[in-house]
Amino acid sequence: MLISESSVFSPGEEGVYSNVAMRGRHADAYSMYKRGTRDYINAYDKEPGSVRSLNGVSKEIGNPSWKRSFLYILVASLASFLYGYHLGVINETLESISNDLHFNGNTMAEGLVVSICLGGGFLGSTFSGLIVDRVGFRRAFQLCALPMIIGSSMSATAKNLWGMLLGRLFVGTGMGLGPTLATLYVTEVSPAYVRGTYGSFTQIATSLGLMSSLLIGFPAKETEGWWRICFWVSAVPAALLALFMEFSPESPHWLFKKGRAADAEAAFEKLLGGPYVKGAMAELSKSERGGEAETVKLSELLFGHHRKVVFIGSTLFALQQLSGINSVFFFSSTVFKSAGVSSQSANICVGIANFLGSFAALLLMDKLGRKVLLIGSFSGMIVAMGLQAASASSLVSSSNEVYLSVGGMLLLNA
């Protein structure tokens, strides 16, 4: 599968097959796919100059240029940017929204405005796999952008609490789709040697979205109706995502699974370059054959020999959420204000800490590997939660309580 094909981004190259030859080869490749994957691999192996490679990385001709897929990664990362923006947009604006829509002091209503988008996110993430399997990544991204545009418009024009809640619910649906689509799309279109680095782009985009929402929201408490501008602004990157996806290549993996081998070749040519198409297609054919042999049912994931991997992955996500990180994104202004700290200065620090953590992952992902970074990340979370607990104990003086609490929050956010 999770996060349709002409491109305005990718230039032509010398050495790319002629249109006539490519069309003929596409037809042969498609018919071979229908006869079976094994024949398809053999056909590629027998071609002159064919090189076995992983995602187009060849020992003879080196790595494909990262520049060819870079713009498409940026486009996909807009989904993560929107996710971060909508996480933080309510932070600085909640007080103004509650005053204008007449539910100030109603903690239940304020909590619903914040959390209802997570309910929409649950719906979006639940059906994200089904959607991308049916329509592909390009159309799924556009479907992700649509509720974000509609929901942002509804929130910006809301006249009462119910209008705001409905708009946030729509936005949440797109938030549930976006990050999953972005992560999977980046994985499937990136050259293998920069896949970890490109994978960090989605988290950096989330951090930039969060910082943008906090910065744009600063005038909300002084300028009447500014919170409506904050919601209107978010419709712009959503519209750009829907537009630019029309010119981005579909995932070659999805195309190949659908029996569209010719289109998968064309997508690889855009992403990697002509010299790498044969090797990438042979490797894709081989991996798909192995994937079909290892197809498992949902019950086997939960109770079979894969259950340990599923349990560990799910537990890591659960621990991340139980750390309270979302409360930082939603309520840091309120928390810092109650501690006597300027909310604007504190929120800038929150955004910077989140960005620095993401940037460190970008630099270290391909050097240290995911396991080392996960261990380091969760070790930092333990220290952060320890600082938070210590600040609430009687062992710490009141003068140091604020420093420990704020320091723990910033470390947790990083």
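The model is predicted, so local features are given only where pLDDT is at least 70 and side-chain atom pairs only at pLDDT 80 or more, while totals for chains, interfaces and linings use all residues. Residues are numbered from 1 along each chain as its sequence is written, and side-chain values use heavy atoms, with hydrogens and water left out.

The chain has 16 helices and zero strands; helices (H or I, at least four residues) and strands (E, at least two) are DSSP runs, numbered from the N terminus. Of its 414 residues, 44% count as buried. Buried means under 20% relative accessible area, exposed means over 50%, and partly exposed is the range in between, with a 1.4 Å probe and protein chains only. The accessible surface of the chain is about 20,000 Å², and carbon and sulfur atoms hold 65% of that surface. These areas come from the Shrake-Rupley method with a 1.4 Å probe, and for residues only the protein chains shown count as cover.

A nonpolar core is here a set of buried Ala, Val, Leu, Ile, Met, Phe, Trp, Tyr and Cys residues joined through side-chain atoms within 4.5 Å. The largest such core has 46 residues, and the members that touch the most others are F141, L181, Y185, L241 and M281. Two or more residues of this core come from each of α3 (67-100), α4 (107-156), α5 (161-189), α6 (195-216), α7 (226-244), α8 (252-257), α9 (261-271) and α10 (277-293). There is also a second, separate core of 18 residues, including I90, L94, I97 and F231. In soluble globular proteins, nonpolar side chains tend to be buried together.

Which kind of pair do the rings of F141 and Y185 form? The structure holds eight aromatic pairs. Rings of Phe, Tyr and Trp (its six-membered ring) pair if their centres lie within 6.5 Å; planes under 30 degrees apart count as stacked, over 60 as edge-to-face and the rest as tilted. The F141 and Y185 rings have centres 5.6 Å apart and planes at 85°, so this pair is edge-to-face. F141 belongs to helix α4 and Y185 to helix α5, so the pair ties together parts that are 44 residues apart in sequence. F141 counts as buried because its relative accessibility is 0%, and Y185 is buried at 0% as well. Elsewhere, ring pairs link W66, F70, Y198 and F201 into a cluster.

The cysteines can be treated briefly. The structure holds zero disulfides, a disulfide being a pair of cysteine sulfur atoms within 2.5 Å. C117 is buried at 1% relative accessibility, and C230 is likewise buried at 1%.

Helix α15 (residues 370-391) has 22 residues and spans 32 Å from its first C-alpha to its last, close to the 32 Å expected at 1.5 Å a residue. The expected span is 1.5 Å times one less than the number of residues. Its buried residues are F378, M381, A384 and S391. Seen down the axis of α15, these fall within an arc of 135°, so they line one face of the helix; the arc is that of the directions from the helix axis to the C-beta atoms. The face of α15 turned away from the buried side carries the exposed residues K371, I375 and I382.

Most residues other than glycine have a negative phi. H102 has a positive phi of about 65° although it is not a glycine. H102 sits in the loop between α3 and α4, and H102 counts as exposed because its relative accessible area is 69%.

L71 lies in helix α3 and is partly exposed, with a relative accessible area of 37%. L71 and S248 are separated by 177 residues in sequence and by 8.8 Å in space, C-alpha to C-alpha. V135, in helix α4, is partly exposed at 32% relative accessibility. Between V135 and W254 there are 119 residues of sequence separation and 9.5 Å in space, C-alpha to C-alpha. V189 lies in helix α5 and is buried, with a relative accessible area of 2%. V189 and F268 are 79 residues apart in sequence and 8.2 Å apart in space, C-alpha to C-alpha.
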